[in-house]
Structure formats: structure tokens, C-alpha cells
Amino acid sequence: MAAELIVDSLAGLLPASLRRRFMWRPTLGDMGDLFGRVYIVTGGSSGVGFQVVKWLAASNATVILATHNMPGARKAIRDIQRDLPSVTQRQVRPMFLDQTSILSINKFAVDFKGLGLPLHGLVNAAGEAMGPAGPGADGLLPSHTLVTNYYGPFLLTHLLMEVLTASAPSRVVNVCSALGELAGTVDWGDLSGANLKDSDPLAAYNASKRMLSMFTRELAVRCRGTGTDVFAVHPGFAATNLWHKSLHRYPASRLFNVVEEWFAQHPYYGALPALYALSEPKLQGRGGLYIGPPLMLPLVLHTNVGDYWQGESRSDESCSRLYDATVKLLAGIVHVAGPSG
Ligand SMILES: NC(=O)c1ccc[n+]([C@@H]2O[C@H](COP(=O)([O-])OP(=O)(O)OC[C@H]3O[C@@H](n4cnc5c(N)ncnc54)[C@H](OP(=O)(O)O)[C@@H]3O)[C@@H](O)[C@H]2O)c1
């Protein structure tokens, strides 16, 4: 945190245009007044998602906090209201969504549509690292991590696409990961993740994030001209609960704690790329960008718009193939209708 204070102080000396271009940090003014605009943020009870919810609420937006932990969400809302007393109960509403369950995702989409609200932004921030072995909560797909981090956001986005395009201009922001780009692989012979369910949990995380970034890139292409822009973001290395939920089982956890203590940034900074992708007017019509800090400089360049797609995510053919295969796989389980049918 000390390093962040120094960087912030030095940044104050830069001209506003340079600061905004390279070090965008939202203030109420930067985000504009989002009154009347509606956002869904998954995983909004903690970490990066929580910061996204908080800053959207600070800018007068209505936010649906999609969570599988209702007590945690209520506490998160109380924490926001403690810091921002003007935020009302109507403005930030918790709604149940278990992203490891295809059935729960379906129900969430039906319940949200039942509210009759528009939807100007969907942030897929919920995720798990090194989650439990075995299938998703409803047993419909074999890998818990792959459902939570890939099939879940894929399905949720598609079920909400009609509302997003009807509410355009609107945006979809998928929280990806540098690990996915650097180490994630797609097993084309096992897209449902049957082999991943018993494999090294880190491999499942990396694969899920690789597939999420390929989906993001392809969806951005398919949404061109609809008024809905789709972005990938990564938060850099942020000090959140993500790894702590499971890492304590492993001997390397102590080393990780030390590395995190020294190098990870506050989740507020980790949320900046997502907030930027959601609200920056200059990004209108520029879907398909991957926004986040350069890997080694998260403290300095929070919202660099880089070309982070690596490996198979750079292949238009692979992204399109994975997208079609995913629609087919999910269609066997639930009815899926994307922007291209
Ligand atoms: N932290 C980093 O350095 C980093 C780096 C790259 C990418 N990311 C990505 O950033 C995103 C946010 O993670 P974070 O770092 O902020 O960690 P986090 O605090 O653990 O946030 C993840 C959120 O997802 C929720 N979640 C987990 N499983 C869910 C499910 N089945 N249904 C609904 N919600 C579920 C969690 O709720 P509960 O806590 O109640 O389970 C939590 O609120 C993740 O997608 C992660 O992969 C993080």
C-alpha cells in the first residue's frame, strides 16, 4: 500500500490528460453520473467484484450483486453503505446466482428479466481458483472449476444478451487472467472437462481462463454493430480471497502469502480495468480489447489497453470453433441463444 501511495502522489503531478490515459483511477467525476443505468456484477461480495459494485453505486448506478452467498452479499452492501451513506438498498440489490449450477444460472436470468429492468453492463467477475474436484453443483458438467469460470459466464451472458442489446449502448466485461494467457490450454477432445475434474486444480483454472478469454474475443466479434461492446480485463495481481480459500491445503501457501504481502495490490486497483472497460466513453464501439496492467507494472499502469491475447486466444479460427462447440454442448443441457443464433 505504501508503494501505491507514492505512485498516487507522483501521479498527482502529471497533467490530467496523461494521468487519465495511463493511470485511470475512477473518481465520481470520471465515472460520470450513472443514474438510471443498471449493471449486474457476479462475485460482487468480495475482492475485485466488490470494488466494481462499490464504485458503480458511488456513481448512482443500480447494481444487481449476483452472489451464491447471500449473507456475504448483505454484509458487502452494509460495508458499502458504511463508506458511502448515500447508497440506498434499492440501488444495490443482492440476487442469488450459483455459477457452478446451470439450473441456477437459468433461474437467475429468468428472475432478472422478471424485474423488467434494462441492462447496461454485465461484469463476469465471479470465479474460483483451485476449486473442489468433481462436477458443478447440479452435476450437469464434470468440472466444478470449468463450470464456474467458463461455462457459467458463457451461459449467463447469452441468456442476458437480448436485454443487453435492447438496452444498448451496453457492455460485457469478462474478468480473465494472465495465467490463462500464459499457461491455459484447451483440450479439444474433452471440452466438457471430464479429465480436468481430477487433474491438477491449477491446470483447471488456467484452462478455464483461457477458454473465457477466447469466448470474450469471439463474442466481441459477433456483437459488432449491435451496440453491445465486449471486453476482456485482468486485474493484475490483487490481494483477494481467491487463492486463500484452497491454497492453505498446500505447502506452498506460506511462500504465496509472503509474495502476496510484498507484490499484490489492493483489490480497488484490481477493479480499475473493469471499471474503465465499463464506463470509458472512448471505448464505445471498440469491443474486443483486453484491458489491464502490464504484468510487471500493476502499480503504475492500471488500465493499459494492451494486446494481451496470447497463444490460442490469438487464433480467430480457434475462438470461433470453441464458441460454436460451447453453444452446442450447452444446448444439449439448456436452450442457448446467442447473438448469432
Ligand atoms: N486476484 C487476482 O490476482 C486475480 C488475477 C487474475 C484474475 N482474477 C480473477 O478476478 C475475479 C475475481 O476474483 P478475486 O480475485 O476478486 O477473488 P474473490 O474475492 O475470491 O472473488 C471471487 C468471487 O466469486 C464468487 N464466487 C465463487 N464461486 C461462485 C459461484 N459458484 N457462484 C457465484 N459466485 C461465486 C466468490 O464468492 P464467495 O467468496 O462467497 O465464494 C467471490 O465473491 C476472478 O474471476 C479471478 O479469476 C483475479
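**Helix packing, sheet order and ligand shell**

In this predicted model, the axes of helix 9 (residues 201–222) and helix 13 (residues 316–331) approach within 8 Å and cross at roughly 100°. Because angles of 65 to 115 degrees count as roughly perpendicular, helix 9 is described as roughly perpendicular to helix 13. On the side of helix 9, the contact is formed by Met211, Met214, Phe215, Arg217 and Glu218. Helix 13 contributes Ser318, Cys319, Ser320, Leu322, Tyr323 and Thr326. Grouped by class, the residues of this contact are six nonpolar, three polar and two charged.

Helix 9 also packs against helix 7 (residues 144–166), with axes that come within 7 Å and cross at roughly 15°. Angles under 35 degrees count as roughly parallel, and helix 7 and helix 9 are therefore roughly parallel to each other. Their crossing is right-handed. From helix 7, the residues involved are Thr145, Leu146, Asn149, Tyr150, Pro153, Phe154 and Thr157. These meet Pro201, Ala204, Tyr205, Ala207, Ser208, Lys209, Met211, Leu212, Phe215 and Leu219 of helix 9. By class, the contact of helix 7 with helix 9 comprises twelve nonpolar, four polar and one charged residues. Met211 and Phe215 of helix 9 take part in the contact with helix 13 and also in the contact with helix 7.

The strands of a sheet pair through backbone hydrogen bonds, in either a parallel or an antiparallel sense. Here, eight strands form an open sheet with mixed pairing and the order 3-2-1-4-5-6-7-8. Strand 3 (92–96) and strand 8 (305–306) stand at the edges; each has a single partner strand, so one side of each is left without a neighbour in the sheet. Strand 1 (residues 38–42) pairs with strand 2 (residues 62–67) in the parallel sense over five bridges, and threonine 42 stands opposite alanine 66 in strand 2.

Helix 4 lies across strand 1, strand 2, strand 3, strand 4 (121–124) and strand 5 (170–175), and runs at about 165° to strand 1.

Helix 4 (residues 47–58) also supplies the largest share of the shell around the ligand, namely three residues. In total, 30 residues surround the ligand, the closest being Gly43, Gly47, Asn69, Gly127 and Thr240. The shell divides into ten nonpolar, 18 polar and two charged residues.

Methods:
Residues numbered from 1 in each chain as written. Predicted model: local features only at pLDDT ≥ 70, side-chain atom pairs only at ≥ 80, totals over all residues. Axes fitted to C-alpha atoms, helices over the stretch in contact; angles between N-to-C directions. Helix = DSSP H or I, 4+ residues; strand = E, 2+ residues; numbered from the N terminus. Parallel < 35°, antiparallel > 145°, perpendicular 65-115°, else oblique. Contact = placed C-beta atoms within 7 Å. Nonpolar A, V, L, I, M, F, W, Y, C, P; charged D, E, K, R; others polar. Near = placed C-beta within 6 Å. Left-handed = near helix turned anticlockwise from the far one by under 90°. Pairing = 2+ DSSP bridges.
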